[in-house]
Amino acid sequence: MSNVLRIAMVDPRDDSREVLKKMFLSMDSVWLEAECSRYEFFPDVVSQSSPDVGVVSLDSDTEKGINLLERMRSDSPDCALLAVSSSTDGQLILRAIRAGAKEFLPIPVSLEDLMASLARISEAKFGGLSGKNRGSKIIAVAGASGGVGCTSIAVNLGCILASEPQNSVALVDLDLAIGDADVFLDTIPDYSLIDVTENISRLDFQLLKRSLTKHSSGLYLLPRPVQLQDVQLITPDSLRRVFGLLKATFTHVVLDVSKGFTETDIAAFEFANDVLMVVQLDLPCLRNLVRLQMSFDEVDGLRDKLKVVVNRVGLESGQIKLKRAKETIGRDIFFQIPNDYRTMIEVRNNGVPLIEQAPKAPITIAMQGLADAITGKSDPDTGDGDEPNQAANQSSSSWLNFWPNKGAKSRSK
Ligand SMILES: Nc1ncnc2c1ncn2[C@@H]1O[C@H](COP(=O)(O)OP(=O)(O)OP(=O)(O)O)[C@@H](O)[C@H]1O
Ligand SMILES: [Mg+2]
């Protein structure tokens, strides 16, 4: 449970306590450690359970609630206090803050406000102080050419991450017109991205989870809209709200973006912590990557998030040498995935992920390595020293000389 914020709450009123409890229980980024219906028992509950956050409702008895905050501040200084009340009286808010509350939320508590408060507490507690990031990780998977293996990587990465019990993972198919993540997972989803974006203002965590399809690996899928006409209803703004909810709910969110590099894809890049750019070692792909990198420079911070993943390493024909590819794109390779046509066809046809279909295959081990490298558990596989397919490289090196000047400039970076 290292990725969640542990919470204890006290509210003597059954109705409001139930509402808050439901909210916390539906959030994967939160673990409800203890609930309490008596102010006087709460200090003991906190000292026994050592939660990260203590939620104190002031509605039942304001004086007792304020006194409790004061006591908690001195008795349990490591427990961040969050006060809630149906009164928004300025004096009460001030008293609660002076008594030790880090945050104050009005009842009915809105999901967005609650998420924002918990994010601030988490940031102060784990981000700022110990540098330990307990937030959600958003990984966008893009490709420099059609059919390079983005969906294969996004789906299998999602399933591998979801196989770890402490993770909760969602995959969003952002190839809005012709995405096929549902085929890779052999699922027939009831709802799609359009249902979620259209109902975003009414959505809570439970409804969000019910709108996603859970695969047997534990991965939650949010598929592309069924109707092509619906694609235009999905805007960068509506997506940002969906991303916000997903981020608060899951420990990892994988975004399979389209090859159109549309506004919604750029919104995904902005939201992501890492943008995996999948390429194969052929001329069109590398040329596209050089061009894309130039455009990415225009988007704040995007170049730094970019991680190049070379897929289908070892493919026989037309492959450019890895060293030459690195010089050309002017950056290191983050990871390499081997070519394994037979296994990948089986995986696709059967609609099962690599960890189920071929858990010991080198391609599965490489995908596992990619997941570990992204989550910081192991080093990237940069391919230093590898020299695949020299013969193919000799024939392609002459093509590289015809690249436009801009590409040549980038090569020398
Ligand atoms: N490492 C690999 N080895 C062999 N075949 C692979 C590998 N990765 C992907 N493939 C195959 O390549 C094909 C395209 O893969 P995939 O659909 O994942 O690419 P994509 O980039 O998502 O395509 P699109 O541009 O249509 O979205 C699939 O048939 C898949 O099985
Ligand atoms: Mg795809």
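Mentor: Gladly, and let's start with sheets. Two strands pair if DSSP finds at least two bridges between them. Helices (H or I, at least four residues) and strands (E, at least two) are DSSP runs, numbered from the N terminus. Bear in mind that this is a predicted model, in which local features need pLDDT of at least 70, side-chain atom pairs count only at pLDDT 80 or more, and totals for chains, interfaces and linings use all residues. Residues are numbered from 1 along each chain as its sequence is written, while chains are lettered from A and ligands numbered from 1 in the order in which they are written.

Trainee: In what order do the 5 strands of the open sheet come?

Mentor: The order is β2-β1-β3-β4-β5, with parallel pairing. β2 (30–36) and β5 (101–106) are at the edges with a single partner strand each, so one side of each has no neighbour in the sheet. From one strand to the next, the twist averages 25°. For angles like this, axes are lines fitted to C-alpha atoms, for helices over the stretch in contact, and angles run from 0 to 180 degrees between N-to-C directions.

Trainee: How many bridges join β1 to β2?

Mentor: There are 6 bridges, and the two strands run parallel. β1 (residues 5–10) also pairs with β3 (residues 53–57), in the parallel sense over 4 bridges. You can follow V10 both ways: its bridge partner in β2 is C36, and its bridge partner in β3 is V56.

Trainee: Is β1 enclosed or open to the outside?

Mentor: For that we count neighbours. A residue is buried if 20 or more other C-beta atoms lie within 10 Å of its own, exposed if 12 or fewer, and partly exposed in between, with C-beta atoms placed from the backbone. In β1, 5 of the 6 residues are buried, so the strand is largely enclosed by the rest of the structure.

Trainee: Which strands does helix α3 lie across?

Mentor: Helix α3 (residues 62–75) lies across β3, β4 (80–85) and β5, at about 165° to β3. Helix α4 (residues 90–99) packs on the sheet too, touching β4 and β5, and its direction makes about 150° with that of β5. Contact here means that the C-beta atoms of two residues, placed from the backbone, lie within 7 Å.

Trainee: What is the order of the open sheet of 8 strands?

Mentor: That sheet reads β8-β9-β7-β10-β6-β11-β12-β13, and its pairing is mixed. Its edge strands, β8 (213–214) and β13 (333–338), each pair on one side only. β8 and β9 (residues 220–222) are antiparallel over 2 bridges, and K214 has Y220 as its bridge partner in β9. Helix α6 packs on this sheet, touching β6, β7, β10, β11, β12 and β13, and its direction makes about 170° with that of β10.

Trainee: At what angle do α10 and α11 pack?

Mentor: The angle is about 35°, with the axes 9 Å apart. P236, L239, R240 and F243 of α10 meet E263, T264, A267 and F271 of α11. In α11 (residues 263–271), the residues T264, D265, A267, A268 and F269 are buried.

Trainee: Which residues come nearest to ligand 1?

Mentor: A residue is near a molecule if its C-beta atom, placed from the backbone, lies within 6 Å of it. Of the 20 residues around ligand 1, the nearest are G149, C150, T151, S152 and M344. α6 (150–162), β12 (306–313) and α15 (341–350) are the elements that give two or more residues to this shell. α15 gives the most, with 4 residues.

Trainee: Where does G149 lie?

Mentor: G149 is in the loop between β6 and α6. This residue is buried, with 20 other C-beta atoms within 10 Å. Not counting residues up to four places away in sequence, G149 touches V278, N311 and R312. The C-alpha atoms of G149 and R312 are separated by 8.3 Å, though the two residues are 163 residues apart along the chain.

Trainee: Is L283 buried or partly exposed?

Mentor: L283 is partly exposed, with 17 other C-beta atoms within 10 Å. Look for L283 in helix α12 (residues 283–296).
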